[in-house]
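Please find below a colleague's note on the structure under discussion.

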Amino acid sequence: MHCEIVTQPITDLEGLMDRVRSDSDGAVILFTGVVRNHDAGRSVESLHYEVYMEMARAKLLDICRDVGADEDVGDMAVVHRVGDLTVGDVSVAIAVAAPHRDAAYRASRTIIERLKQEVPIWKRERYTDGEEKWLGGASPGTPNTPIA
Amino acid sequence: MKVKSLFFAVYRDRIGADELVLELPDGSTVADLAAVVRERAGGRLPEVVVTAVNQEYVSSETTLREGDEVAFIPPVAGG
């Protein structure tokens with residue numbers, strides 16, 4: 001299991017797939033999240049990702065551990081980039097190897113869905129008109145009672 | 001007791017700091033801390049906020065201890 005948060009461009013996607021593959025795996029799935037040029041009807045120029053580093057790393061490992069316990073998968077790797085990204089940049093790469101593809105597809109999907117729900121990473125969009133805005137997102141963790 | 005609070009993203013922008021160390025009475029809860037922070041921030045922190053203590057998500061009734069690190073977590077948007 002390899003979970004990493006980086007500030008440099010994610011470039012070696014083939015290497016990531018090689019890294020998780022073992023000879024008993026019949027499927028290697030790679031998911032990449034990439035920065036697109038639009039969101040909610042607005043034209044996006046770039047994104048800025050912020051992270052609570054230690055907790056985000058720990059949460060990524062938790063997610064992969066859970067997925068490894070639930071699915072018949074081999075190795076997994078998640079690399080999330082933070083900082084300033086532009087359209088076309090890979091923000092996250094998730095590689096999953098498994099003996100069979102069903103488990104690999106499910107595991108890959110679960111990892112990205114849980115990442116989006118639970119990992120303390122935030123994105124701020126910059127639009128082509130110059131405005132910047134922190135995106136709303138998911139509320140992770142336990143429910144909180146309202147604070148008086 | 002001293003407790004460190006961390007702020008990220010939109011909360012950091014609103015509060016104007018990424019970190020605050022605050023003195024709290026022993027036995028204070030996360031909710032107590034949030035109330036203090038909210039007042040310091042002129043109310044610019046939501047009434048219901050997700051928090052993590054020492055990097056685990058917790059409920060606001062959680063009791064704090066000396067040296068705890070409390071992160072105020074805005075809605076997350078990774079990936």
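The points below concern a predicted model and take up the interface, the nonpolar cores and the salt bridges in turn.

1. Extent of the interface. Chain A contributes 35 residues that are in contact with 31 residues of chain B. The size of an interface is often given as the accessible area lost when the parts come together. For chain A and chain B, about 2800 Å² is buried between them, and 56% of this lies on carbon and sulfur atoms.

2. Polar and charged pairs across the interface. Between chain A and chain B, 13 residue pairs are in polar contact, counting pairs with both residues at pLDDT 80 or more. The rule finds two salt bridges across this interface. R12(B) and E50(A) form a salt bridge through their side chains, at 2.6 Å from N to O.

3. The side of chain A that touches chain B. At least two residues each are supplied to this side by β4 (42-51), α2 (53-70), β7 (90-98), α3 (101-118) and β8 (121-127) of chain A. The element that gives the most is α3(A), with five residues. By type, the residues on this side of chain A comprise 19 nonpolar, 10 polar and six charged.

4. The largest nonpolar core. This core holds 32 residues, of which V78(A), V96(A) and I111(A) touch the most other members. Two or more residues each come from β1 (2-6), β2 (27-34), β4, α2, β5 (76-81), β7, α3 and β8 of chain A. Here too α3(A) gives the most, with six residues. Neighbours within four places in sequence aside, I111(A) is in contact with I63(A), C64(A), V67(A), M76(A), V78(A), I94(A) and V96(A).

5. A second core, and L20(B). A separate core of 21 residues includes V3(B), A17(B), L33(B) and V70(B). Strand β2 (residues 19-23) of chain B contains L20(B). Is L20(B) buried or exposed? L20(B) counts as buried because its relative accessible area is 15%, below the limit of 20%. Beyond its neighbours within four places in sequence, L20(B) is in contact with V3(B), K4(B), S5(B), F7(B) and R40(B). Of these contacts, S5(B) lies 15 residues from L20(B) in sequence, with 5.1 Å between the C-alpha atoms.

6. Salt bridges within α2 of chain A. Over all chains the rule gives 19 salt bridges. One of them joins K59(A) and D62(A), whose closest N and O atoms are 3.8 Å apart. These two residues are separated by about one helical turn because they are three residues apart in helix α2 of chain A. K59(A) is buried at 10% relative accessibility, whereas D62(A) is partly exposed at 25%. A network of salt bridges links K59(A), D62(A), R65(A) and E56(B).

7. D66(A) and R114(A) meet in a salt bridge of 2.8 Å, N to O. Because D66(A) lies in helix α2 and R114(A) in helix α3 of chain A, the pair ties together parts that are 48 residues apart in sequence. D66(A) is partly exposed, at 33%, and R114(A) is partly exposed, at 22%. A salt bridge also joins R106(A) and E71(A), with the closest N and O atoms 3.0 Å apart. R106(A) lies in helix α3 of chain A and E71(A) in the loop between α2 and β5, so this pair ties together parts that are 35 residues apart in sequence. R106(A) is partly exposed at 42% relative accessibility, whereas E71(A) is buried at 17%.

Terms used: Residues numbered from 1 in each chain as written. Chains lettered and ligands numbered in written order. Predicted model: local features only at pLDDT ≥ 70, side-chain atom pairs only at ≥ 80, totals over all residues. Heavy atoms only, no water. Contact = heavy atoms within 4.5 Å. Buried area = accessible area lost by both parts, 1.4 Å probe. Salt bridge = Lys/Arg side-chain N within 4 Å of Asp/Glu carboxyl O. Polar contact = N/O pair within 3.5 Å; in protein donor to acceptor, adjacent residues only side chain to side chain. Helix = DSSP H or I, 4+ residues; strand = E, 2+ residues; numbered from the N terminus. Nonpolar A, V, L, I, M, F, W, Y, C, P; charged D, E, K, R; others polar. Core = buried A, V, L, I, M, F, W, Y, C linked by side-chain atoms within 4.5 Å. Buried < 20%, exposed > 50% of the residue type's maximum accessible area, 1.4 Å probe, protein only.
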